[in-house]
Amino acid sequence: MTKLGWAVVATAASALLFFFGTGLDPVPELAWLAPLPILLLAPRVHGGIALLCAFAAYLAGSAGSWSYFWHSLAVPRPAALAILGGSALLFALSAGLFRLLVRRGNRFLAAVAAPALWTAALCGVSLLNPTGLMGTLMTTQADRPSVLRLAAVTGGWGVEFLVLFVPAAVAAALAPGVRVRSRLTGLVAVAAALGALIFWSTPSASGPVTRLALIAPGQSRWAVDVATPDGQALVRSYVDRIGRLPDGVQAVVLPEAAFAVDQASRPRLVEAFAGVARTRNLDVVTGVLDTTPEGRFNAALAVPPSGAPVEYRKWHNGDSPNIASGTQLAHLAGIGLMVCMDVNFADPSGEYGEAGTGLVLIPASDEDVDGWAHSRTALIRGVENGFSVAWSAARGTSMLADAQGHVLADAHTGAGPFTVVVADVPIGSGKTPYARFGDWFAWLCALIAVTGIAVGARKASDFERLGVA
């Protein structure tokens with residue numbers, strides 16, 4: 001087969017693996033394989049062909065997400081095009097750096113610099129993108145606690161790096177010009193690392209537990225005005241469903257913006273939920289769109305059995321018009337509160353972790369197809385910062401997970417009038433290394449990537465001039 005034929009085969013293979021191994025409903029194991037055909041091809045063909053094949057493979061592999069991005073309410077279309085095209089371009093540049101370093105004889109640096117470039121660039125995007133970051137390689141591993149636990153030290157960036165490093169290391173070991181002994185050593189080392197991950201079980205957290213419940217409606221309704229008859233009927237339906245929860249539930253979480261309130265109607269909502277909270281001896285947390293003298297806020301309102309309610313105001317609202325953003329953490333008896341898109345960003349999760357918060361309750365609202373991916377983004381934040389997560393989502397996936405990344409219970413909403421999820425959730429310890437030191441691993445990746453680019457930009461080595469590669 002000609003080089004062009006191999007290029008077509010490698011592009012098609014990687015595209016197919018990316019399609020099933022990444023996106024909104026990935027097969028985790030395929031994510032590790034998806035880059036491999038392109039990385040095996042890259043040192044064996046012209047640089048322009050390698051870049052084109054890598055770009056085409058990743059772009060075609062993301063086809064399962066095209067409709068979601070095009071119709072998303074949270075991601076503007078220009079941003080959607082930038083995400084899809086930018087991700088494909090970044091993969092092409094990473095593959096190009098890998099090729100350059102392999103052909104110049106720097107195979108170990110190639111294996112680490114390519115995933116480092118990818119990881120550092122995504123970290124930069126997460127800081128600049130107004131909708132944050134979700135659905136990357138780290139998310140594909142969100143149901144693999146033995147892999148995800150690395151995030152407690154490195155943040156999700158360590159997982160992001162690892163998923164691309166493994167195929168890069170294999171491709172470097174199989175590159176042209178590598179001695180048989182070196183090739184076998186490299187492959188055995190990678191196999192040993194993967195074996196350790198497979199057999200490295202992650203025990204569930206021990207210690208105090210709290211029984212939590214999530215209630216989401218089968219039909220999503222955004223910000224129903226409490227002052228209207230329709231709003232009062234919705235309040236009664238939630239109160240009735242809360243009253244029928246199993247014994248021992250200590251807190252129940254409803255979805256994002258379940259109700260719209262203002263200064264006049266807010267007491268009516270609080271009174272209704274305080275009544276059932278006292279009767280069942282539990283905390284009720286609901287999403288509200290709260291109009292106040294300071295502005296209009298997308299908030300989580302926590303109503304305890306006794307005492308004053310606590311309100312958390314969402315920090316990150318994307319391009320939502322006329323919605324003000326909060327800047328403060330909020331705790332109810334040591335339990336943290338967040339809202340939906342907040343988990344797409346390092347903070348406020350990092351601040352909760354640094355404060356030692358062991359459980360965070362999160363009203364959310366998704367777009368049906370992205371429910372799994374967004375709930376797992378929340379799970380990753382919990383592992384990074386040492387807190388368990390209660391994610392109650394309308395039009396999505398409600399989930400209860402511990403701080404080690406075990407999903408204790410979850411369900412996709414919409415199957416009936418209400419979707420109810422209940423589980424005993426261990427309280428996390430907070431204050432993980434990542435919560436203390438932040439994105440140190442992403443900065444290390446940036447340093448490695450710059451080193452790889454600098455080495456690759458040097459004059460061609462004797463290895464390359466002899467044409468061995």
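Arg 144 has a relative accessibility of 29%, which makes this residue partly exposed; partly exposed means between the limits for buried (under 20% relative accessible area) and exposed (over 50%), using a 1.4 Å probe and protein chains only. This is a predicted model, where local features need pLDDT of at least 70 and side-chain atom pairs count only at pLDDT 80 or more, while totals for chains, interfaces and linings use all residues. Residues are numbered from 1 along each chain as its sequence is written, and side-chain values use heavy atoms, leaving out hydrogens and water.

Arg 144 has a partner: Glu 29, with 3.0 Å between the closest N and O atoms of their salt bridge (a side-chain nitrogen of Lys or Arg within 4 Å of a carboxyl oxygen of Asp or Glu). Glu 29 sits in helix H2 (residues 28-33) and Arg 144 in the loop between helix H8 (137-140) and helix H9 (145-148), so the pair ties together parts that are 115 residues apart in sequence. Helices (H or I, at least four residues) and strands (E, at least two) are DSSP runs, numbered from the N terminus. By the salt-bridge rule, the count comes to 13.

Here are two further pairs.

| Salt bridge | N to O distance |
|---|---|
| Arg 266 and Asp 290 | 3.5 Å |
| Asp 410 and Arg 376 | 3.0 Å |

Asp 410 belongs to strand S13 (residues 407-412) and Arg 376 to helix H16 (residues 371-385), so their bridge links parts 34 residues apart in sequence. Arg 376 is buried at 3% relative accessibility, whereas Asp 410 is partly exposed at 37%. Salt bridges with shared partners also join Arg 266, Asp 290, Glu 294, Glu 311 and Arg 313 into one network.
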